[in-house]
Amino acid sequence: MPAWPQEQQPQYGQPYSQPDNYRRGDITEPSLTDPTGWKAGTGVPVVDERPPGESTSGNRLLTVLLFFSGLATSVALWLFNTQAGAISNDATLMIAAGRVTGLIGGYLLFMQLLMMSRVSWLEEWVGSRDLLRWHRWLGTSLLTFVVAHIVFIVYGYALTAGTGVVDQGWTVITTFPEMISATIATGLLAFIALISIRAVRNVLNYELWHLIHLTSYAVLLLGYGHQIAAGADMSGRFASVFWPALGCITIAALFWGRIVEPLWLNARHRFTVAEVVGEGANTFSIYIEGKRLDKLPVQAGQFMRWRFLTANGWWQSHPFSLSAAPNPQWLRLTVTIAGGHTRKLATMRPGTPIWAEGPFGTFTAERRTRRRALLIAGGSGIAPIRALLEDMPADTIVIYRASRPDELVFRSELEELAEERDAWVRYIVGGRNDPGPRRLFTPDGLRGLVPDVNRRDVYLCGPPGLVNAAVDTLKMLDVPDSQLHLDPFEF
């Protein structure tokens, strides 16, 4: 629920009231005399009571079990379709290995596309973080099994025919049904894997990368035709039901998540830009109006994909988190200028129509498993952290990392919310080689600011370097993975 009653909600473009002094937050510096190692302690009592909150570990476990059950079923189709003694030499062994790896590759392709569907129930059930991790892992596995399928099949047929591997490969492509389309699908898959390497991806324009990534749908269409035409294990009483059913589920999820849900969301809420307001150096907020915002199923900490329908930006869609908990009057996004697109967003006029998708992410207060929380933000990561603070319980601690004091965004709002919700804010300001920032992500440094850190849920959002350093430190402090919440925007 929003922290601000309707009659007290600030109008967009008007700042929250500025506290007279920072009673619950200050720029924190290291100290050689204070036992915590910092000049300002947290002031938060350490309580041993740890009642659990809502946990989704059961959802993830069930999802994993369902995945491996489907994988085992796809392999069993080959096992039940193979007669005893069918594997009698190297050639038949290679062909059998090719068929098994082909079945596994086909199953993994369906799972990859299912995770890309953005259907809301899967997002809520599993969460963006796990979906992103599984998507990356399955992408590598998919390419490995497809290549293995090609190598085993071609080599097995070459042994059977007594020909060279290259000659046999050309024969397979030119004579077997649907092999040209399968070859194109394999090339697309390898190309998608290449551009997904982080070093390559960082060079490409995001929209271009995303557009190329969508060609994976073509891989499904081209590859499935090959499976039906040439797959010896696709027929049979059970296989003829299993594979079409799996395909129908995947296509239905894609249609629902990519087309039906976005159409319904935008037809119902009709988002438009209300005002663009400067927040500080290279940072501004976009206030958004719409119909029936009280019915919008979004929570503080979640993000949506926003497409601002301007003459020069309608074709670009980018993920932005809410920087304030949703309320019936407006939504707020806060953007740091990082390129030409975000710079143009700062000049948008009121009334600009918006196309949105989502909401996405499980970076919400509902995912807490402990009574208290620690929120760590850096750079533009303060946006979802500031929104989350509205939903967090008493004794929450916020650590906000910035290079300079003038880069601290929403300071007055954070202070007012901290007063209202009995929370604490600690600003760690300076260059990465300054004593305070260097001390922050060390076990002693973080424990000095948050003595009970391993008994808190920890929410992290910021640049990859900050998030990785924080996660490494939290692991050293024995914070369980179930208590770590990260906000991935890449999915």
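1. Confidence is given here as pLDDT, the predictor's own confidence in each residue on a scale from 0 to 100, and a contact means heavy atoms within 4.5 Å. This is a predicted model, in which local features need pLDDT of at least 70 and side-chain atom pairs count only at pLDDT 80 or more, while totals for chains, interfaces and linings use all residues. Residues are numbered from 1 along each chain as its sequence is written, and side-chain values use heavy atoms, with hydrogens and water left out.

2. The chain has an average pLDDT of 81, and 85% of the residues score at least 70. Residues 1-8 stay under 50 in pLDDT, and for them the model has 18 contacts beyond four places in sequence. A further stretch, residues 45-55, also has pLDDT below 50, with 23 contacts in the model beyond near neighbours in sequence.

3. With a salt bridge taken as a side-chain nitrogen of Lys or Arg within 4 Å of a carboxyl oxygen of Asp or Glu, the count comes to 9. One of them pairs Arg372 with Asp452, at 2.9 Å from N to O. Arg372 belongs to strand E8 (residues 372-378) and Asp452 to the loop between helix H15 (443-449) and strand E11 (456-461), so this pair ties together parts that are 80 residues apart in sequence; helices (H or I, at least four residues) and strands (E, at least two) are DSSP runs, numbered from the N terminus. Arg372 and Asp452 are both buried, that is, under 20% relative accessible area, whereas exposed means over 50% and partly exposed lies in between (1.4 Å probe, protein chains only).

4. A second salt bridge joins Arg386 to Glu413, whose closest N and O atoms are 2.6 Å apart. Since Arg386 sits in helix H12 (residues 382-389) and Glu413 in helix H13 (residues 411-421), the pair ties together parts that are 27 residues apart in sequence. Both Arg386 and Glu413 are buried.

5. Within helix H15, Arg447 and Asp444 lie 3 residues apart, about one turn of the helix, and their side chains meet in a salt bridge at 3.4 Å, N to O. Arg447 counts as partly exposed, because its relative accessibility is 38%. Elsewhere, salt bridges that share partners join Arg332, Arg386, Glu390 and Glu413 into one network.

6. How many disulfides are there, if each is a pair of cysteine sulfur atoms within 2.5 Å? The count comes to 0. As for individual cysteines, Cys248 counts as exposed at 53% relative accessibility, while Cys461 is buried at 7% relative accessible area.

Note on methods: A disulfide is a pair of cysteine sulfur atoms within 2.5 Å.
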